[in-house]
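Reader: Please show me the structure, and then let us go through it briskly.

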Amino acid sequence: MSQAVLVPSTAELFLRFTQVGVSGFGGVMPWARRMLVEERRWLNDEEFSETLSLCQLLPGPNIVNMAVCVGTRFRGARGAFAALMGLMCAPFVIVLVLGALFTRYGDIPAISAAFRGISAAAAGLVVAMGLKMAASPRLRSPMAVFALAAFAGIALARLPLGPFLLAAIPASVASAVWRSR
Amino acid sequence: MNGPLAQLALDFSLLSLFAVGGVINVLPELHRNVVEVRGWMSGAEFAQLFALAQASPGPNILVVSLIGWKVAGLAGAAVATAAVCAPSCLVTYSVARVWQRFRGARWRKWVEDGLVPVTVGLMLAGGYLITLAADHSAVAFAITAATAAAVLMTRVHPLWLLAAGGVIGLAGWA
């Protein structure tokens, strides 16, 4: 595997992830890929895909994990911290300012009416993401029963997530092992 | 540390460790915790904060910053955000340091094959629950359905869809 072309400094990690954080409307990962692979060339395509699958496997938001992984890879703990802070700080301030504006002016009928529409559309984005993922080839197998169980258990029966996952994930992984034999 | 701050720190750091695949997957649990267990806000308020986080730039994990802020002000926002990031980041940092050793390992594929279906079910559950929380009229349900269809069938930028929802809402139909 070819090595990354450039090794960024901690300051660069902070700045570039700040840029990614503030440009990412409706999904940050495409912007992160653009920055890491196409603009900065800190990772090649293959390295990016491998890092992403690791990030999806680990707990926590994928994009936050991506920042930590990339930071760790180039600059250890300091790099991870710099990338994480870059990603989170500016968006954190922006979202709180929006929240404050909404609290201040949200009672105005026109604004609350607009927000009912925005909330409905935001829900549609989540539904679409779920349906897109459900089209994964991995679900065209008996393993799909675990997707149904998760939906029924969490959405319909409203089971608490922690205990549910502690039962469902070992069962699901065991089935994957058994099926591969 | 006062009550709500300690609760935010505890609840959200546990949530952090279960958030495999991202915050959208723990949306049902976040909703259950914030609305049903703690009673910090109504389902409609929860859906509004979620929409705000979706409409602003950055990771959508920032919905927890808004929840923390609603519960306990700026300190609440900081505590909630740190709590939801720190545990998973420490895990990721530890694994990132040794991950290269496991490239091509068979168990890696098994774990992925097992995790994906559960993750998909959680994602669909999140969509279902946030739709119920956000939509209180036939038009609202239609906006949700049309937005989902537009994402699946076109390459339109999500921000335009949020804006379209806002315009329809502004017209007083939602």
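**Domains, helices and the chain contact**

Author: Chain A is divided into domain 1 (10-103) and domain 2 (136-181), with bounds from an automatic or database domain assignment. This is a predicted model, where local features need pLDDT of at least 70, side-chain atom pairs count only at pLDDT 80 or more, and totals for chains, interfaces and linings use all residues. Residues are numbered from 1 along each chain as its sequence is written, while chains are lettered from A and ligands numbered from 1 in the order in which they are written.

Reader: Is A:Ala67 buried or exposed?

Author: A:Ala67 sits in helix α4 (residues 62-105) of chain A; helices (H or I, at least four residues) are DSSP runs, numbered from the N terminus. A residue is buried if 20 or more other C-beta atoms, placed from the backbone, lie within 10 Å of its own, exposed if 12 or fewer, and partly exposed in between. A:Ala67 has 32 such neighbours inside 10 Å, so it counts as buried.

Reader: How are α1(A) and α2(A) oriented?

Author: The axes of α1 (residues 10-23) and α2 (residues 29-39) of chain A come within 8 Å and cross at roughly 150°. Axes are lines fitted to C-alpha atoms, for helices over the stretch in contact (C-beta atoms, placed from the backbone, within 7 Å), and angles run from 0 to 180 degrees between N-to-C directions. Angles under 35 degrees count as roughly parallel, over 145 as roughly antiparallel, 65 to 115 as roughly perpendicular and the rest as oblique. Therefore α1(A) and α2(A) are roughly antiparallel.

Reader: Which helix gives the largest share of the side of chain B that touches chain A?

Author: In this contact, 89 residues of chain B meet 84 residues of chain A. Helices of chain B that each supply at least two residues include α4 (63-98) and α5 (106-134). The largest share, 22 residues, comes from α5(B).

Reader: Where is A:Arg158 found?

Author: A:Arg158 is not a glycine, yet has a positive phi of about 55°. Most residues other than glycine have a negative phi. With 14 C-beta neighbours inside 10 Å, A:Arg158 counts as partly exposed. Its place in chain A is the loop between α6 (144-156) and α7 (161-179).

Key:
Two residues are in contact if their C-beta atoms, placed from the backbone, lie within 7 Å.
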